[in-house]
Amino acid sequence: MIQIGIIGLGAIGQRLINRFTEHKEVKIIAVCDHVESLAIKTAEEIGDVQAYTDYKQLLEDEKIDMVYVAVPPKFHHTIVLDVIGSGKHVLCEKPLANSLDEAEEMLKAAQEANIIHAMNFPLNYEQAATKFADLIKQQYVGKLRRLKLTMQFPEWPRQWQKNEWVGGREQGGFVLEVGVHFIQQILKIFGDIKNIETRLELPEDPSKCETGIIGTAELEDGTPVLIEGLSQIAGNEYIGFTAYGTEGVLTLDNWGILKGGKNGEELQDIPFTAVPEKSLLDELVKAIKGEAAEIYDFEIGYKAQAILEKLREN
Ligand SMILES: NC(=O)c1ccc[n+]([C@@H]2O[C@H](COP(=O)([O-])OP(=O)(O)OC[C@H]3O[C@@H](n4cnc5c(N)ncnc54)[C@H](O)[C@@H]3O)[C@@H](O)[C@H]2O)c1
């Protein structure tokens, strides 16, 4: 049984707790949040779990094999470096850090310590996104002509994530929060991104995050990449990740709807339920046991950070 400690019990920390408690080979034995009532309540809900408000005390527990860090981005650096220093494996929330310098230090420390370092990039374990990647490899769209990421939020921060920091310029904004998932997908499926140029729409209040972006970039072979988004608009939330090719179009809509068509035809839903199911936790367990595993580690987190930093440059 792999023993888990969790630091940060907010929106996403709670979401993953359910996955951990359902998994047969892992057990949460400690939780930490500097909001004491939240730490105690969460520990009671899970049952048989130690609650902490100081993460350094959690790290002193030698029974803990892996720590999941789910605090806001600006605290990843300090906490993750301490986790690495304690010799435990680490699962870090995205984005890896709050700056490229921080991300570089975390990557180096993780590589030097003999530990598993993983990021929570859930799209990699979803069937629709996996099928998207498979179809691209099978040349479904032919030769790629353009990649496009569209992000539209009637309201940012969204209802389920109404935290101060998510709407702030320092560590929030949809480019960082949502864009990072697709930048990681681009790096994985299509390779490096270069020549990034960006035009942000920023509110007058310097503490508030972007409300719009038009970013352009290129893949290594010069294929254009368009990253565009707006918040505070009419209509529904929409996130579309689309590959346009010489033979067809493939699009991943709202994380889990896959549509495609050959050029000149209508886009149609593409079934993906035959794709074998995967889970981050299964892969983490394999990695910790020393088996081959599909893990997205700090290296891809660092690469994504470099791109995010350029996209968010004003
Ligand atoms: N992978 C995903 O799909 C996904 C989705 C949403 C958010 N996230 C990421 O997860 C992280 C957390 O996001 P969230 O929405 O849950 O934030 P949140 O603000 O809801 O929760 C963060 C929690 O961390 C606690 N915290 C902060 N500093 C702490 C410290 N030093 N010690 C102990 N506890 C501390 C806060 O009290 C809060 O309860 C962010 O990095 C975010 O980008 C990932």
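Angles under 35 degrees count as roughly parallel, over 145 as roughly antiparallel, 65 to 115 as roughly perpendicular and the rest as oblique. The model looked at here is predicted, with local features needing pLDDT of at least 70 and side-chain atom pairs counting only at pLDDT 80 or more, while totals for chains, interfaces and linings use all residues. Residues are numbered from 1 along each chain as its sequence is written, and side-chain values use heavy atoms, leaving out hydrogens and water.

Take helix 1 (residues 11–22) and helix 2 (residues 36–46) to start: their axes come within 12 Å and cross at roughly 25°. Helices here are DSSP runs (H or I, at least four residues), numbered from the N terminus; axes are lines fitted to C-alpha atoms over the stretch in contact, with angles from 0 to 180 degrees between N-to-C directions. Helix 1 and helix 2 are therefore roughly parallel. On the helix 1 side, Gln-14, Ile-17 and Thr-21 meet Leu-38, Thr-42 and Ile-46 of helix 2, contact meaning heavy atoms within 4.5 Å.

Helix 5 (residues 100–112) and helix 9 (residues 298–311) have axes that come within 9 Å and cross at roughly 170°, so this pair is roughly antiparallel.

As for polar contacts (pairs of N or O atoms within 3.5 Å), a ligand nitrogen sits 3.2 Å from a polar backbone atom of His-34. A ligand oxygen lies 3.0 Å from a side-chain N or O atom of His-76, and an oxygen of the ligand is 2.9 Å from a side-chain N or O atom of Trp-165.

Note on methods:
Helices (H or I, at least four residues) and strands (E, at least two) are DSSP runs, numbered from the N terminus. A polar contact is a pair of N or O atoms within 3.5 Å; within protein, one must be able to donate a hydrogen and the other to accept it, and residues adjacent in sequence count only if both atoms are side-chain atoms.
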